[in-house]
Amino acid sequence: MRVLITGAVEGLGRALCDQLLGNGHFVTAIDYNNEGLAELDQIWGDKISTIAADLSDRAELLNLLEKLKTDPPFDWVILNAGISATGRFEDIPANAYQKLLRINTEAPMIMAAGLAGSNMINKGGSIAFISSLSHATGYPGASVYCASKDAISAYAKSIRPACAKIGLHILTVYPGPVRTNHAERHAPKGADASKRMAPEVLAAHIVTALKGKKCRLYPGGVAKLSRVLGKLAPNTMSRLMRKIIYEKLGTTRF
Amino acid sequence: MAEPRNILITGGTDGIGLKLAYTYANGGNNVVVTGRRSAEDVKGLLAVNITYIKADQAAPDEAANAIIRALAKLGWHHCDLAILNAGNGKAGDPLAENSRDLINRIDVNLTAPILISHALEELLMASANSKLVLIGSTSHRGASNFASYAASKAGLNGFARSLREEWRGRVNVQIIHPGPIATNMHDKAGFDPGIIKRIFLNPDFVARTIIRKIKKGRSPTSISFAARIIDYLTLRNWFSS
């Protein structure tokens with residue numbers, strides 16, 4: 001199988017990369033981190049193709065799409081790259097929000113429509129979008145991150161019928177906290193890292209969900225429970241999130 | 001009579017925004033509307049008691065800056081009510097939406113209202129009882145003919161939900177999701193709803209309901225066909241106008 005992964009150098013993207021390459025699949029890895037890509041190249045040699053691209057840069061994103069068109073079509077496209085911005089809404093500069101919405105919302109939409117719309121994904125193939133558990137709970141202290149992940153969830157749902165018509169499957173993943181540098185940077189002070197899901201475990205959940213052609217994945221017990229509670233009592237859930245996150249936020253990070 | 005309030009309405013030269021602007025202006029408030037056309041082009045559309053700011057949301061940061069600069073020039077030291085209503089849409093096969101469409105949709109419908117909220121923060125906080133109202137859409141749950149539009153409105157919903165908690169006790173953040181309305185937005189969007197258009201919401205009813213819902217302040221809240229029936233049953237529009 002041929003798999004495309006964005007944000008492949010660190011965290012979940014890296015775990016997916018290692019797992020799929022370990023299972024003998026060919027991976028096209030996208031990231032803005034040149035050194036990280038060079039390291040992947042060194043480890044995996046001709047099993048991997050790495051492309052450096054900053055997905056917050058519109059010209060680079062469109063160039064990337066053109067470049068990918070010269071490759072054979074993919075079987076799985078995993079649109080994983082994402083960033084966050086945490087702190088009081090008003091304390092974070094506007095340009096950080098623009099960058100966040102470009103990477104988290106605009107880029108996956110452009111890549112999904114661009115790849116699926118020009119037959120660059122094989123029939124029977126899949127696109128995976130990484131939303132967030134904040135879709136179920138709200139996320140005071142990261143309202144624009146929450147916006148970006150809600151948008152991508154609705155987009156995934158909206159393109160599902162059109163994709164089904166051309167034989168493509170859509171998976172949306174709603175992960176809670178994962179034990180990555182990303183979580184470490186943005187978690188409130190004193191949060192217990194051992195309670196976060198290991199990226200390898202999440203990657204395995206995602207691979208299973210893709211194989212089973214599931215539509216939605218709330219990985220793990222906490223995510224499943226939060227989803228139900230968020231549906232039953234959305235406002236109570238957001239208020240609880242304010243207590244456990246917003247009121248404990250340390251430094252503003254973006 | 002109550003003190004006149006400082007009210008900002010984005011996308012106020014057409015559709016629901018225009019109706020809201022007239023209603024608030026006739027109530028004796030200081031109303032400022034924004035749009036992307038030149039001041040010259042909208043001259044005939046707006047009453048003399050409504051001020052116009054040109055702010056094209058296709059460039060979200062420039063739009064937010066233009067609004068703040070213009071409000072400062074008008075001598076606003078506070079804003080009591082901001083209704084972020086501007087938005088666009090285009091119907092069709094979601095896989096045929098090109099990158100320009102997608103970029104424009106997210107910039108105009110999602111990034112711009114977020115950056116405008118961000119820029120308005122000081123003015124909103126300076127008012128004792130201020131409200132930030134985002135106009136969403138019932139399509140925020142997903143719509144296969146309006147994929148990027150649905151995504152942008154879902155983004156607004158997530159934004160409002162989280163910011164409402166952050167600003168609780170300071171500014172009432174609210175999102176209102178109208179169902180399909182019989183304005184010319186569907187024509188602009190290249191979508192002919194056919195016979196279904198008969199059950200589309202009447203713009204006067206929607207504007208009236210939005211004003212009522214802003215007074216109540218609950219969020220999220222939708223305006224759907226069911227709300228139309230309730231409107232009839234409560235005889236509200238039998239006695240008014």
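**Sheet of chain A**

I began with one residue pair: A:Leu4 has A:Val77 of β4(A) as its bridge partner. Strand β1 (residues 2-6) of chain A and strand β4 (residues 74-79) of chain A run parallel and are joined by three bridges. For the record, strands (E, at least two residues) and helices (H or I, at least four residues) are DSSP runs numbered from the N terminus, and two strands pair if DSSP finds at least two bridges between them.

This is a predicted model, so I noted the ground rules: local features need pLDDT of at least 70, side-chain atom pairs count only at pLDDT 80 or more, and totals for chains, interfaces and linings use all residues. Residues are numbered from 1 along each chain as its sequence is written, chains are lettered from A and ligands numbered from 1 in the order in which they are written, and side-chain values use heavy atoms, with hydrogens and water left out.

Next I traced the sheet in chain A: seven strands form an open sheet, with parallel pairing, in the order β3-β2-β1-β4-β5-β6-β7. β3 (48-52) and β7 (216-217) of chain A are at the edges with a single partner strand each, so each has one side without a neighbour in the sheet.

**A strand in chain B**

Is β5 (residues 130-135) of chain B mostly covered or mostly open? I found six of its six residues buried, that is, under 20% relative accessible area with a 1.4 Å probe, protein chains only. B:Ser130, B:Leu132 and B:Leu134 lie on one side, B:Lys131, B:Val133 and B:Ile135 on the other. Side chains in a regular strand alternate between the two faces of the sheet. I also saw strand β4 (residues 81-84) of chain B pair with β5(B) in the parallel sense over four bridges, and B:Ala82 has B:Leu132 as its bridge partner.

**Where the chains meet**

Counting contacts (heavy atoms within 4.5 Å), I got 51 residues from chain A and 43 residues from chain B. The buried area (accessible area, 1.4 Å probe, lost on being put together, summed over both parts) is about 3,500 Å², and carbon and sulfur atoms give 64% of it.

I counted three salt bridges between chain A and chain B, each a side-chain nitrogen of Lys or Arg within 4 Å of a carboxyl oxygen of Asp or Glu. B:Asp107 and A:Arg58 form a salt bridge at 3.0 Å, N to O.

Notes:
Buried area is the accessible area (1.4 Å probe) that two parts lose on being put together, summed over both. Buried means under 20% relative accessible area, exposed over 50%, partly exposed in between (1.4 Å probe, protein chains only).
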